[in-house]
Amino acid sequence: MTATIWEVFRQERKGQAFQHAGSIEAPDERFADWYAREQYGRRGESAALWIVPRDAVHPIEDFVDELNRNYHRVDGYPLKEKLKEARERAGTSAAAPDGS
Amino acid sequence: MEQREQEFLQYVQDGGQVEVDDWMPDEYRARLRKFIEMHANSELMGVLPEREWILRAPTLQRKLALTAKVQDEVGHAQLIYRVVEDLGKPREQCFDDLISGKSKFHNVFHYPTKTWGDVGVIAWLVDAAAIISQKALLKCSYAPYARIMKKICWEESFHILHGRDVVLTMMLGTDDQRELVQEALNRWWGPLMQFHGNPIPADEDPTYQWRIKTQANDEARQQFLDGYVPQIWELGLTVPDPELRKDEETGRWHFTEPDWDELKSVVTGHGPKTADRLDLRRQARERSAWVRQVVLADAA
Amino acid sequence: MVSPMLRNVSEQGRAQLLLGIADDELILGWRDSEWTGVAPFLEEDVAFSSIAQNEIGHARALYELAARDLGTTADELAFDRRPAEYRCAQLVELRLPGWEHTIARHCLYEAADAERLARLIASDDPEVAGLAAKIDREEAYHRMHADMWFDRLSGEPRFQAALEELRPLATAIADPELRNGHTPDLAELLEVMTEVRRSQPPGTTW
């Protein structure tokens, strides 16, 4: 039986997201519980912790976007020019002095 | 430098962050690991001068505070060695190199602690010098290291409070207690001035170029003097350097040039307590090897 | 010759009781704190140091209660008595440089202390019962830690040997009547523990 690396996720205050805080080495879950508790909680700095064996974490880092899916991004919705034109048409352009 | 390396250098100099599985130039990886390992070693060795005083702390509150401080340092060592391990060097190999003298630790941990005055001065001023470097490391290009620095800096701030409290209490106490503080300060000033390293300009310092360090050595020292000399003087303590003064026009502190030969000698393993402390580490490690074998299945 | 602060002890059974437990926790905490920085591995070093701090914290809370009864302070009770005046059990005094002995003591002490705390929690004295309940809630974690290590080491001959060696001394934890003087280790420990404190006149603040 060898020691495992456990990733520790920490919630600073109730309601907040759990964030990755670091990792510890421990032979099993009982030891990992104790060690995470002490390393990330002894000063009362965490509302809650999650510990996960590193092997159970599945990283995803490469995302494919070969065909420019701009409809998924803000730059796929160029509103500025259209809005300017629509305001001028309606006479509600911000540049009009009487604001009509 | 080949193109890919050049692009990486530009990337980190522009503030780019590097994660553990990213491609890194060999030189960056080697310098990074050495730098981080030295920090881990320093946290671990820093425990030894202070733990003797846990046992001698004169009140229950001081004992608790000092035990918590030393515990933090062990915790920092754990955090930092994990970063080194994820960069490819196992913890036990780091300990082998530390004990054999192959890898280094910071100068201040090679000196003896002689009195309770040292306890206050170390927690107040040595930790202050360290926190200045550590705050600069919050912006290190290597993200896993930068991230743990946040926790480390937060915990160090408690140490300085503790140190200051110990010192202030003594300065308000007996003549003997005040003398203990002054005497400790006299001994620690030299190592403190050497702590941030020799005044190599940032553009000649490769560790800075790669944005592993984000502050030049001399800048760190100036920051230390600016922050802490006024705190020292306001207590009626004297600094054992007749040249020490601030040039009000430039805002720069003038001081007697630290002994860079002494720094080099100490850091390469010739400090007054280097051998004793490495020996203590070696013995403790040998005595508990069986525990690691049973619990971690280490081939210790 | 009993020091002035303990003159009233025989009239204040509660203080006497509390001192015995406080001294156990202080001396055990002091011994456990010797591992800070040199425990078998870093994660355990951090964890075990918390246990030591908790023990000293328990001692402090117990001393504070006793101190009110005796008209003194927790620090004076913790530091300023003569070795013969401490009421700790021999089990906690021993200098045990091996991890197998430290963990064996930890397991034996926690089991005996659980028994002792259960009796105190049932006490008619609300202050003692309340404090014992608080201490017990922290000790629950210590017991988890001891169990964890017991399970890991129970197959190790040296650990079994350490348990058998120390077991006879554990009976005095829950039963103060069985306490019979101190080992030389205590005087040595107190010498170191009070070194800085004794360097200045009594009443000096640190």
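This is a predicted model: local features need pLDDT of at least 70, side-chain atom pairs count only at pLDDT 80 or more; totals for chains, interfaces and linings use all residues.
**Entry 1: B:Arg211**

B:Arg211 counts as buried because it has 21 C-beta neighbours inside 10 Å. The cut-offs I used: buried is 20 or more other C-beta atoms within 10 Å of the residue's own, exposed is 12 or fewer, and partly exposed is in between, with C-beta atoms placed from the backbone. B:Arg211 sits in the chain B loop that runs between helix H8 (206–209) and helix H9 (217–233). Helices here are DSSP runs of H or I with at least four residues, strands are runs of E with at least two, and both are numbered from the N terminus. I then checked phi: B:Arg211 is not a glycine, yet its phi is positive, about 60 degrees. Most residues other than glycine have a negative phi.

**Entry 2: A:Asn68**

I noted a positive phi at A:Asn68 too, near 50 degrees. The loop that holds A:Asn68 lies between strand E3 (48–53) and helix H2 (80–90) of chain A. A:Asn68 counts as exposed, because it has 10 C-beta neighbours inside 10 Å.

**Entry 3: strands of chain A**

I looked up the pairing of E1 (residues 4–11) with E2 (residues 19–26) in chain A, and found it antiparallel over 7 bridges. Strands pair if DSSP finds at least two bridges between them. A:Glu7 has A:Ser23 in E2(A) as its bridge partner. E1(A) also pairs with E3(A), in the antiparallel sense over 6 bridges. In E3(A), A:Leu49 stands opposite A:Arg10.

**Entry 4: conventions**

Residues are numbered from 1 along each chain as its sequence is written, and chains are lettered from A and ligands numbered from 1 in the order written. Local features need pLDDT of at least 70 and side-chain atom pairs count only at pLDDT 80 or more, while totals for chains, interfaces and linings use all residues.
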